[in-house]
Amino acid sequence: MFREHDMYHPPEEGPVIGDVIVADNLEKRFGNVVAVDRVSFSVREGEIFGFLGPNGAGKTTTMKMIQCVSPKTGGTLRVFGMDVDTHPREIKRHLGVVPQENNLDPDFTAFQNLTIYARYFGIPRREAEERAMELLEFMQLEEKSAMVIEKLSGGMRRRLIIARALINAPKLLILDEPTIGLDPQARHLIWGKLRALQAEGNTLVLTTHYLDEAARLCDRLVIMDRGKILVEGSPEALVRRHVGTDIVEAERTPDVVACIDGMGVRYDVTADTVQIYTNEPEDVVRTLLDACRHGAVTARPATLEDVFLKLTGRPLRE
Amino acid sequence: MGRFAAAGITCSVWRVWRRNWDAFVKTYQVNFIPPFVEPFLYLLALGFGLGTYIETIDGVSYPRFIAPALISVSVMYSAFFECTYSSFVRMYYRKTFDAIIATPIGIEEVIAGEILWGATRALIYAALMLPVLVAFGVVDLPVSVLVVPFAFLAGLLFASIGMCFTAITPSIDALNYPSFLFITPMFLFSGTFFPLSLLPPIVQYIALAVLPLTHVVSVNRAITLTAFSPILYFDLIWIGAVTLVLFLLSIRLMRRRLIA
């Protein structure tokens, strides 16, 4: 006899966690320019997943394909198990989007921005108003409820945009540079809220240029460059794998470079320093101090920024 | 999906429309003044000022001759400018369209909602102007009430025209070209302030072929003077057909501009 549950068995390791986004050889071309070059990745339910990369890496384009507002030109992309080409409305119903640019509606107050946005989702008025009040409270904006947008500070606008993205109780939140241009206080507040959203079971996907933000928030991340994914993993694992635990920085002099060359360590040369990637900083420092004619030497823990610069290179991107 | 411009349009268009209505109502004091003041000024200056030198046109007093033109021009301006400068500001500077298409609403519905709103604004202006014209005794009652629903159809036409230009304009300043080279000549040469028949025949044909306002003035004049003739069918079919084509074209052009 045919039984429905025979058709598909989910993997039986631990709790069953579905993939919210699955991209396979995803590609986006604008004419001859390949903005996203056949990337594959998947985002698991309940995690914070980051997209890092220099300007023009293809992060925002990838976000826009996930949001179903920019059609892909190749590969497959499924969100909540649905194809972005055929089910944009159903996908967008469960999506919250925080765009890079503030696009709040300046004709209306903070509160009205939320209720009008709720109407786009077809949320009934009473429910929309209740939810708008809750969200203003959640983002600590309840006192700004009746203010028009131009009277709000940059941090308040950003928080209001996040509140707006939550109006439809989305299962997946997409944030393109959520804390861009904000002061440290506002950034910490937003990080706290994003963590709280994750704790409630939401899945978050974000892009950011702030590597401390990525290291702090993301469970997993990818680093993109020129449309391709260079690496994928947790921030700690990436640091360990590509840099080591520590960095020893020495002033860049011909003597130091020659000396380090003979030490058999991995290092990188910047404008004014030599950066040595290592898991044994004490040994490296000692060798440097003993054997080389050195200038200033410092040791510090390795960070995601070291991975980022190592992988994407130091020349400026326009 | 998506080959057809009109495919994927649902009742969500009214949510886009409603956003504009809400913004309009918030500033109603400013919005309601022009339709009252405009006919007043034109009737005094042209109708009763300049008009004293003109006895009648085809047996119609000059103020009665220009009254339907005033409504037609107001319909044209309100719908065209709403869907050019105002829509462009929402689309380009405020990114309102981007914000809306991040919800289940599609770009086709955003554009259709904007055009419906432009037509609604034309209807509101016509409805506000009508009492002023009635007070001056220059339009026939009760038949002139028909100019109000007709303003919506004519509004759709000018809103669609405006949206086509908005879709292709490189900047907000470039919208001055259609305003001065298309809308202003239409204001003058569409049988508005003097009969089309005064123009050389070739110019008349051109006006009828490419100046939408000629058809709108013709219909409105028939309504306010209670002078219906079979030529009205031609005007209405022309307006309906051109509106449909431009409505679909504007959605197509906008999708090309915004969905990359």
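Reader: How many helices and strands are there in chain B?
Author: Happy to start there, with a note that this is a predicted model in which local features need pLDDT of at least 70 and side-chain atom pairs pLDDT 80 or more, while totals for chains, interfaces and linings use all residues. Residues are numbered from 1 along each chain as its sequence is written. Helices (H or I, at least four residues) and strands (E, at least two) are DSSP runs, numbered from the N terminus. Along the sequence, chain B reads α-α-β-β-α-α-α-α-α-α-α-α, and the count is 10 helices and two strands.

Reader: Why is chain B as compact as a globular protein of that length?
Author: The globule rule is 2.2 Å times the number of residues to the power 0.38, and the radius of gyration is taken over C-alpha atoms. For 260 residues the rule gives 18 Å, and chain B is close to that, so it is as compact as a globular protein of that length, with a radius of gyration of 19 Å.

Reader: What share of the residues of chain B count as buried?
Author: Buried means under 20% relative accessible area (1.4 Å probe, protein chains only). Of the 260 residues in chain B, the share is 55%.

Reader: In chain A, which residue is the bridge partner of A23(A)?
Author: Strand β1 (residues 19-30) of chain A pairs with strand β2 (residues 33-44) of chain A in the antiparallel sense over eight bridges; pairing needs at least two bridges found by DSSP. The two form a hairpin with two residues between them. In β2(A), the partner of A23(A) is F41(A).

Key:
Chains are lettered from A and ligands numbered from 1 in the order in which they are written. Side-chain values use heavy atoms; hydrogens and water are left out. Buried means under 20% relative accessible area, exposed over 50%, partly exposed in between (1.4 Å probe, protein chains only).
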